[in-house]
Amino acid sequence: MYHPYKTGYSVLPQLKKVADPVFNITDNRERCLTEKKLSVASQPCFLEWHCNQEIYDAVCNYIVENYPRPLYEPWDFDHIAMQIEEDLAIHRMNEDADWLAATHICFPSSWAPEEKIGKPFDVIHEPIPGMNLKNSKKLVEAMIMSGPYERFVWGLIYEDELNYHPSKKRKSFDGNKPFFLVKVERQIMISFPEHQAMLFVLKQYYLKEKEVDKQALLKSLLSMTDEQKKYKGITEDLIKYVN
């Protein structure tokens, strides 16, 4: 079985070359496709800012050729995104700037795509405490020119939900009825250097408490700064429970 988090619970995401297939189909597929329809009806999902048809064609051809099951036509960005578990985003750059050029994101992890579209990589990631963004343009260039890369980000959630758009009110940890899942997002960056663009493939996985290495998780929680704990919604009651 594919394990979505192999590197321990690092506080900040670590970029590395892709080792496993980009796309995979899980038992959660039907739920994902059903809830994507609900997300599209309730929030902005498909957004674009200075993208172009050549980039869309290159991205869509890549997905159709690499997805492990046939996808039905029309093979455009919107229709393809609604057939797969993964969320998608396209990031572009030129000599002067980089920007988020398109999104089809139904399950954002507590961020609003409509607030990030058109913005550069460093601005998009600015709210993350402790993340080094001084060389963000060089990082974007590396991802566009020499991918594919992947990184994993994670957080704790306290209800079994897929969509964490900030417009939706979500539960906090309740020590009287303790429950948590580890929500892991695998982020893959596919390079399209001829178009000065990359495709982000975002896939959500959910680890139940019994599947979690609690000692590894506790070590990570205790290593966080107060700012990082606040960003991830980590409370002292939760830490005591994990311990």
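1. Asn-28, Cys-32, Glu-85, Phe-107, Lys-203, Gln-204 and Tyr-206 line the largest cavity. A cavity is a set of points, on a 1 Å grid over the protein atoms alone, where a 1.4 Å probe fits but cannot get out; lining residues have an atom within 4 Å of a point. This is a predicted model, in which local features need pLDDT of at least 70 and side-chain atom pairs count only at pLDDT 80 or more, while totals for chains, interfaces and linings use all residues. Residues are numbered from 1 along each chain as its sequence is written, and side-chain values use heavy atoms, with hydrogens and water left out.

2. The largest cavity holds about 40 Å³ of space. A volume here is the space filled by probe spheres set on the grid points, which are joined across faces, edges and corners. One cavity of 30 Å³ or more is found in a search of the whole structure. E7 gives the largest share of the lining, three residues. By type, the lining of the largest cavity divides into three nonpolar, two polar and two charged residues. Ala, Val, Leu, Ile, Met, Phe, Trp, Tyr, Cys and Pro count as nonpolar, Asp, Glu, Lys and Arg as charged, and the others, Gly among them, as polar.

3. The largest pocket holds about 1200 Å³ of space. A pocket is an open set of points with protein on both sides within 12 Å along at least five of seven lines. It is lined by 49 residues, and the closest to its centre are Ser-109, Ser-110, Trp-111, Ile-128 and Tyr-231. Elements that give two or more residues to this lining include strand E3 (87–93), helix H4 (113–116) and strand E7 (197–208). Helices (H or I, at least four residues) and strands (E, at least two) are DSSP runs, numbered from the N terminus. The largest share of the pocket lining, seven residues, comes from E5. The lining of the largest pocket has 27 nonpolar, 13 polar and nine charged residues.

4. There are eight aromatic pairs in the structure. Rings of Phe, Tyr and Trp (its six-membered ring) pair if their centres lie within 6.5 Å; planes under 30 degrees apart count as stacked, over 60 as edge-to-face and the rest as tilted. Phe-23 and Tyr-67 are edge-to-face because their planes are at 65°, with ring centres 5.5 Å apart. The two residues are 44 residues apart, and the pair links distant parts of the chain. Phe-23 is buried at 5% relative accessible area, and Tyr-67 is buried at 6%. Buried means under 20% relative accessible area, exposed over 50% and partly exposed in between (1.4 Å probe, protein chains only).

5. Tyr-158 and Phe-173 form an edge-to-face pair, 5.8 Å centre to centre with 65° between the planes. Both lie in the loop between E5 and E6, so the pair ties together parts 15 residues apart in sequence. Tyr-158 is buried at 10% relative accessibility, and Phe-173 at 12%.

6. Leu-238, in helix H9 (residues 236–242), is buried at 0% relative accessible area. Leaving aside neighbours within four places in sequence, Leu-238 is in contact (heavy atoms within 4.5 Å) with Leu-156, Tyr-158, Phe-173 and Phe-180.

7. Two charges sit over rings, meaning that NZ of Lys or CZ of Arg is within 6 Å of the ring centre and within 35 degrees of the ring normal. Arg-170 lies over the face of Tyr-164, 5.1 Å from the ring centre. Lys-232 has its charged end over the ring of Trp-154, 4.5 Å from the centre.
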